[in-house]
Amino acid sequence: MTGTHMIVLPGGGYAMHAAHEAEPVVDWLGGMGVRASVFRYPLHARHPEPLDALRAEIRRRRAAGARRIGLIGFSAGGHLAGLAALAPGTGPSEAPDAAVDFAVLGYAITSMETETYRPARLILLGEDAGPGLRRSTSLDALVTPEAPPFFVWHTAEDPYVPVEHTYRLAAALAAGQVPHAVHVFAHGPHSLGLARNAGEAAIWTTLAEAWIREQV
C-alpha cells in the first residue's frame, strides 16, 4: 500500500506506553502491507504538548514521502489520535501537512466531560480544568462534516473506559454524516490490544483490515 503510513499510538492513561499496543500492532499492519511506526508521545504532559508532538510527527512522515496518514490509537492513545484528526487547525484546507486521512480507535477515551478514567484527564488537563477546556478536548464536541473517516471499536464490559465514550463519538460522527464504522463487542476487558484469543472481540482486526484497505 504505497504512499500510506500509519502511526501507532499505544495507550497507558497518558502515564505510560502499553507495550502490547505498540510494536505488535506495527507487525500486524506490516502483515497486510501497510507501513507503520510507533510514536511514543510525551507522557505526564499537559495539553497541547502531546498533540503538538504528534502533529510534528505527522509532518515529518509527510516530508519523508507519505501521501496518506492514518492513525491507530488505543485508550489514551485513541484520544490523542482523535484529537489530531479532529482538533481545529489540522484540516486539509488549514494545514494539509498535518492532516489525518483516517483513524482507528480502540476503546478510546473520547470525552473529557465525563468523570470516567479521571487519572488520564488530570494528567492531560490538570485538577482545575474548566468546562471550556474539557469540552475542547472531547472528541464528540470536535466532530464536523469535514472530519476524516473513523473505525471505532470497544467492549461493552470495559470497566475503565466505559463504552459510553464510543457511543458519544459515534453519535457525533453520525450527526455530522462522517464516514465511520463502529463495533461494540459484548465481552472483554480494557486494554485488549490485538485481542488474540479474546473471544468475539478478536475479530476486530479482521474487520479493521478490510476497512483500512478501503481507506488506502
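**Entry 1: H165**

I started with H165, which counts as buried because its relative accessibility is 0%; buried means under 20% relative accessible area, exposed over 50% and partly exposed in between, with a 1.4 Å probe and protein chains only. I am working on a predicted model, where local features need pLDDT of at least 70, side-chain atom pairs count only at pLDDT 80 or more, and totals for chains, interfaces and linings use all residues. Residues are numbered from 1 along each chain as its sequence is written, and side-chain values use heavy atoms, with hydrogens and water left out.

I found H165 in helix α7, residues 164-175. Helices (H or I, at least four residues) and strands (E, at least two) are DSSP runs, numbered from the N terminus. Leaving out residues up to four places away in sequence, I listed the contacts of H165 (heavy atoms within 4.5 Å): A108, I109, T110, S111, T114 and T116.

**Entry 2: helix α4**

Which residues of α4 are buried? In this helix, residues 118-125, I noted A120, R121, I123, L124 and L125. They line one face of the helix, because seen down the axis of α4 they fall within an arc of 165°, taken from the directions from the helix axis to the C-beta atoms. Their cover includes α2 (49-63), α3 (76-86) and α5 (131-136). After α4 comes G126, with a positive phi near 90°.

**Entry 3: nonpolar cores**

A nonpolar core is a set of buried Ala, Val, Leu, Ile, Met, Phe, Trp, Tyr and Cys residues joined through side-chain atoms within 4.5 Å. The largest one here has 41 residues, and L54, L71, L86, L105, F150 and L169 have the most contacts inside it. Helix α3 gives the largest share of this core, seven residues. Apart from it I found another core of 28 residues, among them M6, V104, A181 and L194.

**Entry 4: aromatic pairs**

Rings of Phe, Tyr and Trp (its six-membered ring) pair if their centres lie within 6.5 Å; planes under 30 degrees apart count as stacked, over 60 as edge-to-face and the rest as tilted. By this rule I have nine aromatic pairs. The F102 and W211 rings have centres 6.0 Å apart and planes at 70°, so this pair is edge-to-face. F102 lies in strand β4 (residues 102-106) and W211 in helix α8 (residues 204-215), so the pair ties together parts 109 residues apart in sequence.

I also looked up W153 and W204, a stacked pair with 4.7 Å centre to centre and 15° between the planes. Both belong to one aromatic cluster, formed by W28, F74, Y107, W153, F185 and W204.
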